[in-house]
Amino acid sequence: MRNILVLQQHSPFNSSHGREALDLALALAAVEHNVSVLFRGDAVYQLLSTNDHADFKLKAYSRSFKLFSLYDIEQVYVCAASLGERGLKPEQLAFAAEPLAQNAIVDLLAAQHQVVTC
Amino acid sequence: MKLFSVISPSADIAALNQLCQAQDAILLRQDGVFLCSTPNISWPTAQLFALATDVAVRQIQVPSFITVIDDTQWVELCIAAEQNVLWNN
């Protein structure tokens, strides 16, 4: 078992980065790794709620973040500074990731065997 | 009139400010609509638009100084513009 951090950095719908990072995190957890997930930069927008719309065919994959607990991924974090820069508050998030200050993020990185940037 | 389409929340707005003038228009679409709710952006023009579908999917609260337009109005805006610039940096 290794400590692996999946570092999400992209907004939700312009690219497939977010969706693929979710699949990666779940796959790593399924093979018994100790997975953490951190949303920073524009990836914090992945944590907001989405609506279905007839003209929008992409899957709102962020609803699958509920699977994290099923896969024993308990360490899901969001960069507090990234939220602040975008005028967002933790209580606005549809998925309650734990806000981390910059020094706590440094500690989180230091505790990992691997960091995967997505 | 030039139309600048901003499609990413990480778009370089400072660089856009150097090219966009008061008579030009900016359209926020795709993940660019997240900029509607970002505080402290100084926009170079008052002609600001956001695409209705992209706003609705992301549940964005659009401030009153940004006009929400549908696809038909988007086409009209493109036709009215002498230049269409995709601001995708």
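**Strand pairing and chain contact in the predicted model**

Asn3(A) has Asn34(A) as its bridge partner in strand 2 of chain A. In this predicted model, that pair belongs to the parallel pairing of strand 1 (residues 3–8) with strand 2 (residues 34–39) of chain A, which extends over six bridges. The two strands are part of an open sheet of five strands in chain A, ordered 4-3-2-1-5 and paired in the parallel sense. From one strand to the next, the twist averages 30°. Helix 1 (residues 17–30) of chain A lies across strand 1, strand 2 and strand 5 of chain A. Relative to strand 1 of chain A, helix 1 of chain A runs at about 170°.

Chain B contains three helices and five strands, and its elements follow the order β-α-β-β-α-β-α-β from the N terminus. The C-alpha trace of chain B spans about 30 × 30 × 25 Å along its principal axes. Of the 89 residues in chain B, 30% are buried. Among contacts in chain B with a separation of 6 or more, 48% are accounted for by residues 24 or more positions apart.

Within chain B, strand 3 pairs with both strand 2 and strand 4. Its pairing with strand 2 (residues 25–28) of chain B is parallel and comprises four bridges; here Ala50(B), in strand 3, is the bridge partner of Leu28(B). The pairing of strand 3 with strand 4 (residues 67–69) of chain B is likewise parallel, over three bridges, and Phe49(B) has Thr67(B) of strand 4 as its bridge partner. Between strand 3 and strand 4 of chain B, the chain passes through helix 2 (residues 52–57) of chain B in a right-handed β-α-β crossover. Four of the five residues of strand 3 (residues 47–51) of chain B are buried, so this strand is largely enclosed by the rest of the structure.

The contact between the two chains draws 15 residues from chain A and 15 residues from chain B. On the side of chain A that touches chain B, five residues are nonpolar, seven are polar and three are charged.

Methods:
Residues are numbered from 1 along each chain as its sequence is written. Chains are lettered from A and ligands numbered from 1 in the order in which they are written. This is a predicted model: local features need pLDDT of at least 70, side-chain atom pairs count only at pLDDT 80 or more; totals for chains, interfaces and linings use all residues. A residue is buried if 20 or more other C-beta atoms lie within 10 Å of its own, exposed if 12 or fewer, and partly exposed in between; C-beta atoms are placed from the backbone. Two strands pair if DSSP finds at least two bridges between them. A crossover is right-handed if, with the strands pointing away from the viewer, the path from the first strand over the helix to the second runs clockwise. Two residues are in contact if their C-beta atoms, placed from the backbone, lie within 7 Å. Ala, Val, Leu, Ile, Met, Phe, Trp, Tyr, Cys and Pro count as nonpolar, Asp, Glu, Lys and Arg as charged, and the others, Gly among them, as polar. Axes are lines fitted to C-alpha atoms, for helices over the stretch in contact, and angles run from 0 to 180 degrees between N-to-C directions.
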